Amino acid sequence: MRKNEKFAVVRGVPILKDIPILGYLFSSEDTEQRAVETIFILTPTLSTGGRPTTDVAEELSRKHGTSTE
């Protein structure tokens with residue numbers, strides 16, 4: 001999932017850029033854009049329903065004909 005953010009940034013000489021009217025001479029306004037990316041990782045798990053894991057593993061190996069070793 002990707003999100004783009006765009007916002008205005010005022011840059012200039014500290015203190016002088018904050019003076020009303022005179023500040024326009026010592027500052028500039030830029031537009032900055034950032035991209036934020038979010039990654040979701042899903043991990044599948046087997047629920048044993050309260051049974052011991054070894055019993056579930058043996059049952060699955062019998063159903064699918066694979067070895068648990």
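How does Ile19 count at 33% relative accessibility: buried, exposed or partly exposed?

1. Ile19 counts as partly exposed, because its relative accessibility is 33% (buried means under 20% relative accessible area, exposed over 50%, partly exposed in between, with a 1.4 Å probe and protein chains only). You will find Ile19 in the loop between β1 (2-12) and β2 (27-37); strands (E, at least two residues) and helices (H or I, at least four) are DSSP runs, numbered from the N terminus.

2. Before going further, please note that this is a predicted model, in which local features need pLDDT of at least 70 and side-chain atom pairs count only at pLDDT 80 or more, while totals for chains, interfaces and linings use all residues. Residues are numbered from 1 along each chain as its sequence is written, and side-chain values use heavy atoms, leaving out hydrogens and water.

3. On confidence, the protein has a mean pLDDT of 84, and 94% of its residues reach 70 or more (pLDDT is the predictor's confidence in each residue, from 0 to 100).

4. Thr31 is 22 residues away from Val9 in sequence, yet their C-alpha atoms are 6.0 Å apart in space. Leaving aside neighbours within four places in sequence, Val9 is in contact (heavy atoms within 4.5 Å) with Ser28, Glu29, Asp30 and Glu32.

5. Now for the charged side chains. The count comes to eight salt bridges, each a side-chain nitrogen of Lys or Arg within 4 Å of a carboxyl oxygen of Asp or Glu. One of them pairs Arg51 with Glu59 at 2.9 Å, N to O. Salt bridges that share partners also join Arg11, Asp30, Glu32 and Arg34 into one network. Within it, the closest N and O atoms of Glu32 and Arg34 are 3.5 Å apart. Glu32 is partly exposed because its relative accessible area is 23%, and Arg34 is partly exposed because its value is 46%.

6. Another salt bridge links Asp18 and Lys17, with the closest N and O atoms 3.5 Å apart. Asp18 counts as exposed because its relative accessibility is 56%, whereas Lys17 is partly exposed because its relative accessible area is 28%.

7. Finally, visit Ser61 in helix α1 (residues 53-64). Ser61 counts as buried because its relative accessibility is 14%.
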